[in-house]
Number of protein chains: 2
Amino acid sequence: MNTIQFRTSVLPEDAEVVREIVSSTGFFYAIEEEVAVELVEEKVIGGEQSSYRFIFAEIDGRPVAYSCYGLIAGSEHSFDLYWIATYNDFRGQGIGKLLLEETHRQITKSGGLNVIAETSSLEKYAPTRHFYLQMGYTEAGLIRDFYKMGDDKVTFVRRL
Amino acid sequence: MNTIQFRTSVLPEDAEVVREIVSSTGFFYAIEEEVAVELVEEKVIGGEQSSYRFIFAEIDGRPVAYSCYGLIAGSEHSFDLYWIATYNDFRGQGIGKLLLEETHRQITKSGGLNVIAETSSLEKYAPTRHFYLQMGYTEAGLIRDFYKMGDDKVTFVRRL
């Protein structure tokens, strides 16, 4: 695999990049895709005013994965991992792992202690849950039928 | 105790009402008080556009307690209980209990199934945690040192 480079600046064209990455995974609803794109647009307009932060993983200058995270309001050092997704053609190469490690590094640099990630209990998200456990997260909450009937919310926490 | 009346409309002067109620409790930081007031202002400006909903408990026409709740984005029928507070002089009279029951009724009417409330693990919030348990909530999550060192976040869920 070619070298991965991480970029933390956010460009206007990243709205489209994020749409393509998120949409390629087949993991998210159209409305979730919209939210993902809106967070980028908000960041482009708001700059440092926006609490959202992004990391793009690039191979040969092409963004193939990204994460979006931010300090949780009311907390001193707990960060939400809002999004992490890899372009479908680049899955299975360990890019998500490297990107999440880089995200943890950036959060640590900002004084962060806890990283919180939420996902669904559906079978479809078994690889996601496995990924978090592999990355040192532990389950810290479960809300039955949270998203809809039969679709629970699972909360994972990683202590940095 | 005189009869309690519930009001779900939100008036511009409720910003000040909420500030007084929240501040009287001594339970919240100044920044949290600001957030509570901002939610009211957002509702006054946004009307139905705002996803926040409010219930004011009034005695002899005076608002003495309020709750603020709303449907969680991405969920079909899970509601967040953002705020519930009783004016300090009126605590210990069961007003919070009646208000939360009314809040549950309104959420049920809107098709809600889950109500989620978060609070702190600090000793100071023991009455709050006791209140939720008494009201049929169960603990569904715990994140250590979430707010700050030694101050965990406890998540409670009530199935309606």
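**Entry 1: the interface between the copies.** I asked which surface the copies use. Of the interface residues of chain B, 100% are also interface residues in chain A, so the copies meet through the same surface. I count two residues as in contact if their C-beta atoms, placed from the backbone, lie within 7 Å. This is a predicted model: local features need pLDDT of at least 70, side-chain atom pairs count only at pLDDT 80 or more, and totals for chains, interfaces and linings use all residues. Residues are numbered from 1 along each chain as its sequence is written, while chains are lettered from A and ligands numbered from 1 in the order in which they are written.

I find 18 residues of chain B in contact with 18 residues of chain A. On the chain B side, strands E5 (114-120), E6 (138-148) and E7 (151-159) each supply at least two residues. E6(B) gives the most, with eight residues. Strands here are DSSP runs (E, at least two residues), as are helices (H or I, at least four), numbered from the N terminus. By class, I get eight nonpolar, six polar and four charged residues on that side of chain B. Ala, Val, Leu, Ile, Met, Phe, Trp, Tyr, Cys and Pro count as nonpolar, Asp, Glu, Lys and Arg as charged, and the others, Gly among them, as polar.

**Entry 2: symmetry.** I laid chain B on chain A: the RMSD is 0.0 Å, with a turn of 180 degrees and a shift of 0.0 Å along the axis. The two copies are thus related as by a two-fold rotation axis. The superposition is by least squares on C-alpha atoms of residues with pLDDT of at least 70 in both copies. Which residue of chain B comes closest to the rotation axis? I find Gly141(B), at 1.9 Å (C-alpha).

**Entry 3: domains of chain A.** The domain assignment gives domain 1 (1-68 + 80-107) and domain 2 (113-160). The bounds come from an automatic or database assignment. I get 19 Å between the C-alpha centres of the two domains of chain A. Seven residues of domain 1 of chain A are in contact with six residues of domain 2 of chain A. On the domain 1 side, strand E4 (78-86) and helix H3 (95-109) of chain A each supply at least two residues. H3(A) gives the most to that side, with five residues. I class the domain 1 side as three nonpolar, two polar and two charged residues.
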